[in-house]
Amino acid sequence: MQYTIDFDTDRFSRLMGALRQALDDPQDMLTSFGESLLRVNRDRHRQGVSPDGSPWVALKRPDGNRKGGPLNKTGRMLANLHYQVDGDVLRLGFDGGDGFPAKYHQEGSRAHAIEAKNKKALAFMGVVRKRVSHPGLPARPLVGFPESDQRLIERVAQDHIEAVSNGL
């Protein structure tokens with residue numbers, strides 16, 4: 001008894017070529033990664049939790065005007081969270097007007113003095129002074145790459161590869 005198996009190498013060659021092209025030009029896949037990571041980081045921000053899932057340190061004096069707790073009063077911080085794909089590099093982070101404070105929320109800051117530079121005095125909560133002591137900020141991590149994000153990227157990569165292979 002003898003069996004003959006015909007193997008269609010044309011489809012296999014096309015598949016390997018398409019996968020090679022996807023790896024040589026990863027912009028589409030990285031854009032999918034960026035969209036997915038942006039979504040989960042925005043969700044964590046709205047929930048007030050760090051990338052590891054731990055809740056952010058609560059405000060010492062809750063402000064009745066806050067929309068959802070720390071870092072959500074104006075919504076600008078979250079609006080400035082974005083991703084950028086440049087060649088084979090994906091960056092996720094903060095930019096614009098709130099890019100500067102994002103660093104101090106991510107890492108926290110030590111106590112420090114704030115002095116008036118452009119005016120004669122500072123006004124804060126009805127108090128006017130030339131200099132105030134800032135107590136520092138507790139770390140409230142905004143972005144990270146925990147295991148849950150790594151698993152998400154694996155699923156997105158699988159979906160991308162399946163889409164490439166199904167497109168033949």
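**Entry 1**

I began with strand β1 (residues 81-86), where Leu81, Tyr83 and Val85 form a covered face and His82, Gln84 and Asp86 an uncovered one. Helices (H or I, at least four residues) and strands (E, at least two) are taken as DSSP runs, numbered from the N terminus. I note that this is a predicted model, in which local features need pLDDT of at least 70 and side-chain atom pairs count only at pLDDT 80 or more, while totals for chains, interfaces and linings use all residues. Residues are numbered from 1 along each chain as its sequence is written, and side-chain values use heavy atoms, with hydrogens and water left out.

I then looked up the partner of β1. Strand β2 (residues 89-94) runs antiparallel to β1, and six bridges join them; two strands pair if DSSP finds at least two bridges between them. Aspartate 86 has valine 89 of β2 as its bridge partner. The two strands form a hairpin with two residues between them, and glycine 87 in the turn has a positive phi of about 65°.

**Entry 2: the nonpolar core**

I looked up the largest nonpolar core and found 20 residues in it. Such a core is a set of buried Ala, Val, Leu, Ile, Met, Phe, Trp, Tyr and Cys residues joined through side-chain atoms within 4.5 Å. Buried means under 20% relative accessible area, exposed over 50%, and partly exposed in between (1.4 Å probe, protein chains only). The residues with the most contacts inside this core are Phe33, Leu71, Met77, Leu81, Phe94, Ala102 and Leu142. Two or more residues come from each of α2, α3 (76-79), β1 and α5. Helix α2 gives the most, with six residues. In soluble globular proteins, nonpolar side chains tend to be buried together.

**Entry 3: helix α5**

The 20 residues of α5 should span 28 Å, and the end C-alpha atoms are 28 Å apart, in agreement. I listed Asp149, Leu152, Ile153, Val156, Ala157, His160, Val164 and Ser165 as buried in this helix. The buried residues of α5 pack against α1 (9-24) and α2.

**Entry 4: salt bridges**

I counted a salt bridge where a side-chain nitrogen of Lys or Arg lies within 4 Å of a carboxyl oxygen of Asp or Glu. The count by this rule is four. Side chains of opposite charge can pair when their charged atoms come close.

In α5 (residues 147-166), arginine 151 and glutamate 147 are four residues apart, about one turn of the helix, and their side chains meet at 3.8 Å, N to O. Arginine 151 is partly exposed at 42%, whereas glutamate 147 is exposed at 58%.

Arginine 46 and aspartate 43 have their closest N and O atoms 3.3 Å apart. They are separated by about one helical turn because they lie three residues apart in α2 (residues 27-47).

Glutamate 115 and arginine 131 meet at 2.9 Å, N to O. This pair links distant parts of the chain, 16 residues apart: glutamate 115 is in strand β3 (residues 112-115) and arginine 131 in strand β6 (residues 131-134). Glutamate 115 is partly exposed, at 46% relative accessible area.

**Entry 5: serine 50**

I finally looked up serine 50, which lies in the loop between α2 and α3. At 5% relative accessibility, serine 50 is buried. With residues up to four places away in sequence not counted, serine 50 touches Arg44, Trp56 and Pro141; contact means heavy atoms within 4.5 Å.

Technical notes: Expected span 1.5 Å × (residues − 1).
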